[in-house]
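This report goes through one protein model from its salt bridges to its sheet and its cores. The sequence and the structure come first.

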Amino acid sequence: TLLKRVSDILEALIQVQDPIDVFDEGGVFTFIGPTGVGKTTSVAKVAARCVLRYGRNQVALLTTDTYRIGAQEQLKVFAKILGLPVVSVRDSDDLAAKLKEASKRKIVLLDTAGVGQRDTLMVDQTQLLAKGSGNSHRILVMSATTDLRTQEDVIMLHNLADSAERIKSVIVTKTDEAALVAPILDCLIRYELPLLFISNGQRVPEDLNPPNPQYLANRAMHPRTLSEESGISAEQIPAVLADNLAQWSKTPS
């Protein structure tokens, strides 16, 4: 059928990354994005997987979020469960110093303040990251519930903010809340951004899955209706995103 052909084409256009391959390379991973998209929760979910795979001694958590009330406390709660300390960063010099201290660890996860893409604070934060973190792996966290025009705005302005360090990966959150996933897929395809994870709930660490193009293409072509349950249909079962925590628990060779 025509819908099946379009779905197959869409599936082929979605770029995905293998999260295990990405994190096995090690380095500094900076999580950026607007406020309210689930950035800190995503950091906690990724941290849990990295602890499973590399051990607590190989993972460091840093945060530059000094703007939101309770932001650091939220991350500290997650970190305490994982047995990790959280280091707060004041400015670019402090960030550079803290990253140097953490350089012996394989994985450094850097949580940043959620600021609007047109907020002047974004410029300050971009300069802080550019001066302090050097060549980090920038991960843009976006919500599937955000409208298309705003999604485009976020991508363009984050890429323009620091052209030397463009977005390397994307995590899409709130796919369980979104009636439509086509807008976010449209943005990822047009801006050639690879998808690293999708998040489909608030549970840490369970609700984070590697991207499955077949499932996403199916969701894009079959939007949920108001009366439809959030569960999947029988024809989608083969494409369901299975949690891969067992794979993360295997020590890399």
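By how much of a helical turn are Asp186 and Arg190 in helix H8 separated? Because they are four residues apart in that helix, the separation is about one helical turn. The model is a predicted one, and the values below are computed from it.

**Salt bridges**

In the model, the side chains of Asp186 and Arg190 meet in a salt bridge, at 3.0 Å from N to O. Asp186 is partly exposed, with a relative accessible area of 29%, and Arg190 is partly exposed as well, at 41%. The pair also belongs to a network of salt bridges that links Glu152, Asp186 and Arg190. Side chains of opposite charge can pair when their charged atoms come close.

The count of salt bridges comes to six. Three of the pairs are listed here.

| Pair | N to O distance | Placement |
|---|---|---|
| Asp24 and Arg53 | 2.9 Å | helix H2 and helix H3, 29 residues apart |
| Arg149 and Asp153 | 3.9 Å | helix H7, four residues apart |
| Asp186 and Arg190 | 3.0 Å | helix H8, four residues apart |

The pair of Asp24 and Arg53 links distant parts of the chain. Asp24 is partly exposed, with a relative accessible area of 24%, whereas Arg53 counts as buried because its relative accessibility is 9%, and buried means under 20%. In helix H7 (residues 148-161), Arg149 and Asp153 are separated by about one helical turn. Arg149 is partly exposed at 47%, while Asp153, at 8% relative accessibility, counts as buried.

**The sheet**

Eight strands form an open sheet in the order S3-S2-S4-S1-S5-S6-S7-S8, with mixed pairing. Its edge strands are S3 (86-88) and S8 (208-209), each of which pairs on one side only. Strands of a sheet pair through backbone hydrogen bonds, either parallel or antiparallel.

Strand S1 (residues 27-32) is mostly covered, with five of its six residues buried. Towards strand S4 (residues 107-111), S1 pairs in the parallel sense over five bridges, and Thr30 stands opposite Leu110 in S4. S1 also runs parallel to strand S5 (residues 137-143), joined to S5 by four bridges. There, Ile32 stands opposite Leu140. An antiparallel pairing is found between S7 and S8, over two bridges, where Ser199 stands opposite Leu208 in S8.

Helix H8 lies across S5, S6 and S7, and runs at about 175° to S6.

Leaving aside neighbours within four places in sequence, Ser143 is in contact with Val37, Gln151, Thr173, Lys174 and Ile184.

Lys174 has a positive phi of about 60°, although it is not a glycine. Glu192 has a positive phi too, of about 55°, and is not a glycine either. Glu192 is found in the loop between H8 and strand S7 (195-199), and is exposed, with a relative accessible area of 58%.

**Nonpolar cores**

Which residues have the most contacts inside the largest nonpolar core? They are Phe23, Phe31, Val46 and Leu109, in a core of 29 residues. Elements that give two or more residues to this core are helix H2 (19-24), S1, helix H3 (39-54), strand S2 (59-63), helix H4 (71-82), S4, S5 and S7. H3 gives the most, with seven residues. Apart from this core lies another, of 24 residues, among them Leu10, Ile32, Ala144 and Leu216.

Beyond its neighbours within four places in sequence, Phe23 is in contact with a set of residues including Phe29, Val46, Cys50, Tyr54, Leu109, Ile139, Phe197 and Trp248.

**Cysteines**

A disulfide is a covalent bond between the sulfur atoms of two cysteines. How many disulfides does the structure hold? The number is zero. Cys50 is buried, with a relative accessible area of 0%, and Cys187 is likewise buried at 0%.

Methods:
Residues numbered from 1 in each chain as written. Predicted model: local features only at pLDDT ≥ 70, side-chain atom pairs only at ≥ 80, totals over all residues. Heavy atoms only, no water. Buried < 20%, exposed > 50% of the residue type's maximum accessible area, 1.4 Å probe, protein only. Pairing = 2+ DSSP bridges. Contact = heavy atoms within 4.5 Å. Core = buried A, V, L, I, M, F, W, Y, C linked by side-chain atoms within 4.5 Å. Disulfide = S-S within 2.5 Å. Axes fitted to C-alpha atoms, helices over the stretch in contact; angles between N-to-C directions.
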